[in-house]
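Work through the exercises below with the sequence and the model in view. Each task is followed by a solution in steps.

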Amino acid sequence: MKRPIFILIIWILLALLLAPIALNIQSHFIYSDSPFLTNQYQSVKVENILKEYFNYTKESELFVIINGSYNKSLKEVNNSLMNLQDAKLITPYEYISQINSSYMSFISPILKKYEDNLSYSVELYHNLTLEKEGLLNNLSWFYYQLNVTFKEGHNVTPSSYVTEYNEYLEETHNPVISGVKTFNDPFILLFSENNFTNESLVKETLSSFSNYSYLIYKITGKNVPICALENPSVYALHEVESKIPPPPIGLCNFHRGNTWVFIVKVPDNESLTNVEDFMQNIPAIVTGHFAIYAQSAYYTQQDLKIIDIVTIILVGSLLIILLRSFFPIVFLIFSAIVGIEIAYSLLYLATFIGYKIYYISGLVIPPIVFGITIDYSILFMYRYFEEARKNSNTALRNAFRTAGKGAIFSGLSITIGFSSFLLSPSPLLKNIGEALIIASLSALIPAILFNYTALKTVSLRLLSFPRKDIPNPIDVRQKYLRDVSGFSIKHKFYIVGIMIILALASFAVFFTHTTTVAFNEIVPSNSETVVGERILSSYFNYSVDYIIIKGNPNLTFSKIYNLSKEIINCGGLAYGPVSFGKFLTENHTALENIYSSHNYSLVEAYVPYPVFSKGAISFTQKLINQGYMVGGSNANRIDIVNNTVSTYYSFTLLLTIILITVYISVVLRSIIVPIRLSLTLLVSSLVGVAVMFEVFKQVYWLSPLIVFALLFSLGIDYDMFIILRIKEERGSEDERIIKGITYTGLVVTAAGLILAGAFFSLISADMRFLEEIGFSVGFSVIFDTFIVRPILVPAIMSILKKYNWWPFAS
């Protein structure tokens with residue numbers, strides 16, 4: 001067996017060997033932000049304080065929305081819990097009971113104080129009821145009291161009572177008060193000199209009397225309602241609730257009509273696969289931020305299969321149009337598939353040393369590897385076809401020496417560009433950077449080595465099948481490229497001016513538009529979790545922020561008070577040293593013992609919006625902007641987003657430009673070329689992002705970042721192809737530029753179409769953020785390929801002329 005055929009068989013066996021790893025790589029994707037949350041984030045510092053001083057256990061909540069009777073629904077939820085590990089079910093009644101128990105614990109000292117204040121009146125009330133019964137049983141004695149008091153209508157036998165009455169009368173000058181004091185009987189207050197002689201009326205009045213509040217008011221001066229006297233505990237609770245209302249969470253938050261809401265708490269390290277199994281096996285709608293991640297994982301796996309098929313079909317169709325030869329197309333697609341398999345296999349091996357495959361990294365690897373593998377392969381093949389048409393016996397070797405060199409230089413520049421991510425202080429950017437470096441190197445291996453072996457194995461006659469001749473790298477399309485580049489050079493100042501205006505307009509769009517972290521970007525709009533959040537918003541519409549205020553509670557009291565007031569005024573609930581639900585106090589209470597510890601104070605804010613929603617993120621961001629230390633799911637998300645975005649634009653992107661500039665300066669012996677390259681890539685990126693904002697209006701927070709990251713690395717390819725060819729040509733500077741554009745134009749346009757097609761395949765996904773990335777990167781590549789490289793680049797280089805190669809000659 002000839003050696004090239006043997007090596008080709010090894011490549012085929014390698015592809016078969018790596019296929020299972022690539023097909024199952026989705027099961028190793030990480031969808032949560034948790035692995036990238038380190039102690040550098042304020043939200044993580046808050047969680048550490050909560051764990052150490054407030055006995056906080058980080059858990060995630062799944063909200064189960066189910067129809068049916070309570071008992072049936074409870075049974076269904078319990079049966080499905082077998083899919084989860086260490087899950088805790090909280091029924092509506094248990095949740096309400098926990099809320100009420102906490103509330104009663106808080107108000108119990110206040111209740112006791114109320115009841116103590118009522119105790120004398122209550123005791124007096126009971127004594128009065130007994131006295132009334134006694135008087136009814138001995139009416140003659142009561143008549144005697146009335147006669148002594150009013151001294152009219154009857155003869156009163158002289159006695160010590162009369163003497164005592166006269167003494168009191170001298171003091172008070174009021175016969176009724178004298179009578180009450182003499183006989184210690186408040187019921188005398190019910191009569192006067194006009195009605196005490198009517199014994200029937202006296203008996204009827206006494207029998208029907210019930211207004212004990214009146215007598216107690218007359219005795220004590222306190223206006224105590226009869227309900228307080230009859231049931232002081234209920235009255236005290238009512239009074240306390242009127243001043244300190246209980247949290248507005250009741251059964252209506254969990255049950256309406258035939259629908260029930262149950263809460264399932266799971267550990268923060270629960271498997272998303274288990275969560276998805278739970279969601280699939282329960283006849284209910286499940287939502288919550290953990291469910292969102294689980295659904296994102298599920299739809300990502302579905303989308304990845306569709307994206308791969310669409311990529312192969314779309315790129316295959318483009319290759320058929322461009323090459324129209326069977327074996328070159330097969331070689332190109334096979335090399336791309338092998339590149340993807342190598343990339344995923346290396347990522348899988350990296351998991352054994354602790355690497356976490358972030359799902360976005362996993363999703364962008366197929367179009368990156370597919371696109372640039374075919375780009376390098378086309379560059380290599382086209383150069384081989386060009387050399388073969390010269391009847392050169394060393395065509396393959398010459399192609400490997402020239403095009404292979406260009407591919408290696410370009411691949412290394414991409415790798416160096418991505419390496420700036422590794423130096424980033426953002427854990428998430430580091431993670432993405434490692435995946436992108438693996439992708440760029442994985443694309444380079446089959447593009448050069450496999451295609452070299454394949455082309456060496458297959459004869460030129462077979463390569464041309466079903467055509468009569470091998471594809472011609474020189475055809476009528478080159479005239480168009482020559483004319484376009486010539487026109488650009490002729491009108492170079494106008495071209496550059498128009499591009500500057502376009503870049504400034506695009507920057508204005510990019511600068512003035514905002515991004516979103518909404519969860520409906522990472523799951524389809526019709527997914528279970530999105531539907532569930534809409535339903536849940538009319539039930540238990542809260543997410544929780546944990547706010548830590550450092551310092552002595554006495555010194556920070558006003559700050560805690562103002563914060564709690566702000567939360568309550570915004571429709572939320574605040575639990576902390578000065579608040580309980582919607583109750584707010586300016587006094588020191590027992591709440592300080594619960595929500596203050598080790599010089600820290602905790603305020604739990606029940607934000608009146610679902611987790612990760614626009615309202616919740618805005619509310620939490622506002623608290624962070626005010627200088628508060630905030631923890632919880634919303635704060636975690638904000639920390640990841642803010643840190644990643646600010647780090648990329650202020651550090652990583654600048655470092656990318658610097659590294660690429662240094663590398664290309666060394667390779668091409670020019671400082672001007674890499675600077676010009678960075679500026680033209682910036683134009684392509686800004687235009688792509690601006691168009692994305694105009695098409696999608698509000699985009700996912702990672703989408704613009706990924707567009708910049710990919711364009712500033714992948715876009716180097718085309719420029720390198722052109723510059724390396726220009727350096728080979730002879731003549732005046734303008735002639736060399738036109739020749740370089742003309743002879744590499746077909747390779748650049750073909751490569752650009754392939755790479756754009758690979759990213760446009762992402763539009764077939766159900767998830768909006770993938771559509772945004774696919775459309776924007778695809779559009780940016782098309783713009784870079786058909787506008788920037790053949791039009792803007794010649795114009796700029798023609799203006800610079802010999803200074804393109806400064807400080808060295810070309």
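**Exercise 1. The largest cavity**

Which helices each supply at least two residues of the lining of the largest cavity?

Solution. The model is predicted. Begin with the count, which comes to four cavities of 30 Å³ or more. Next take the largest cavity, which holds about 90 Å³ of space. Its lining is made of 13 residues, and those closest to its centre are Ser32, Ser34, His289, Tyr293 and Asn636. Finally, assign the lining to elements: α13 (289-322) and α25 each supply at least two residues.

**Exercise 2. The largest pocket**

Find which element gives the most to the lining of the largest pocket.

Solution. The space in the largest pocket is about 1100 Å³. It is lined by 39 residues, of which Glu61, Lys265, Val544, Tyr546 and Tyr606 are the closest to its centre. Among the elements that supply at least two lining residues each are the strands β2 (59-67), β9 (543-550) and β14 (600-607), and the helices α4 (92-137) and α25 (633-668). Of the contributors, α4 gives the most, with six residues.

**Exercise 3. Confidence**

Where in the chain is confidence lowest, and where is it highest?

Solution. Then go to the elements. The lowest confidence is in helix α28 (residues 716-728), with a mean of 78, and the highest is in strand β15 (residues 629-631), at 94.

**Exercise 4. Two aromatic pairs**

Classify the ring pair Tyr144 and Phe183, then the ring pair Tyr700 and Phe769, as edge-to-face or tilted.

Solution. An aromatic pair is described by the distance of the ring centres and the angle of the planes. The structure holds 56 aromatic pairs. For Tyr144 and Phe183, the centres are 6.2 Å apart and the planes meet at 80°. Planes over 60 degrees apart count as edge-to-face, so the pair of Tyr144 and Phe183 is edge-to-face. Tyr144 belongs to helix α5 (residues 139-150) and Phe183 to helix α7 (residues 175-183), so the pair ties together parts that are 39 residues apart in sequence. Phe183 counts as buried because its relative accessibility is 11%.

For Tyr700 and Phe769, the centres are 5.4 Å apart and the planes are at 50°, so this pair is tilted. Tyr700 is in strand β16 (residues 699-700) and Phe769 in helix α30 (residues 768-800), so to speak of sequence, the two are 69 residues apart. Tyr700 and Phe769 are both buried.

**Exercise 5. Charges over rings**

Which ring does Arg256 lie over, and which does the charged end of Arg637 sit over?

Solution. Arg256 lies over the face of Tyr539, 4.6 Å from the ring centre. The charged end of Arg637 sits over the ring of Phe612, at 5.6 Å from its centre.

**Exercise 6. The surroundings of Thr512**

Is Thr512 buried or exposed, and which polar contacts does its side chain make?

Solution. Thr512 is placed in helix α20 (residues 492-512). Its relative accessibility is 56%, so Thr512 counts as exposed. Its side chain reaches the backbone oxygen of Ala508 at 2.7 Å. A polar contact of 3.4 Å also joins the side chain of Thr512 to that of His513.

**Exercise 7. Backbone exceptions**

Solution. Most peptide bonds are trans, and most residues other than glycine have a negative phi. The bond from Phe465 to Pro466 is cis, with omega near 0°; Pro466 lies in the loop between α18 (460-464) and α19 (477-490). The bond from Trp806 to Pro807 is also cis, with omega near 10°, and Pro807 is in the segment after α30.

Asn184 is not a glycine, yet has a positive phi of about 50°. It is in the loop between α7 and α8 (199-208), and at 65% relative accessibility Asn184 counts as exposed. Arg669, also not a glycine, has a positive phi of about 55°. Arg669 is in the loop between α25 and α26 (672-696), and at 47% relative accessibility it counts as partly exposed.

Definitions and conventions:
Residues are numbered from 1 along each chain as its sequence is written. This is a predicted model: local features need pLDDT of at least 70, side-chain atom pairs count only at pLDDT 80 or more; totals for chains, interfaces and linings use all residues. Side-chain values use heavy atoms; hydrogens and water are left out. pLDDT is the predictor's confidence in each residue, from 0 to 100. Helices (H or I, at least four residues) and strands (E, at least two) are DSSP runs, numbered from the N terminus. Buried means under 20% relative accessible area, exposed over 50%, partly exposed in between (1.4 Å probe, protein chains only). A polar contact is a pair of N or O atoms within 3.5 Å; within protein, one must be able to donate a hydrogen and the other to accept it, and residues adjacent in sequence count only if both atoms are side-chain atoms. Rings of Phe, Tyr and Trp (its six-membered ring) pair if their centres lie within 6.5 Å; planes under 30 degrees apart count as stacked, over 60 as edge-to-face and the rest as tilted. A charge sits over a ring if NZ of Lys or CZ of Arg is within 6 Å of the ring centre and within 35 degrees of the ring normal. On a 1 Å grid over the protein atoms alone, a cavity is a set of points where a 1.4 Å probe fits but cannot get out, and a pocket is an open set with protein on both sides within 12 Å along at least five of seven lines; lining residues have an atom within 4 Å of a point. Grid points are joined across faces, edges and corners, and a volume is the space filled by probe spheres set on the points.
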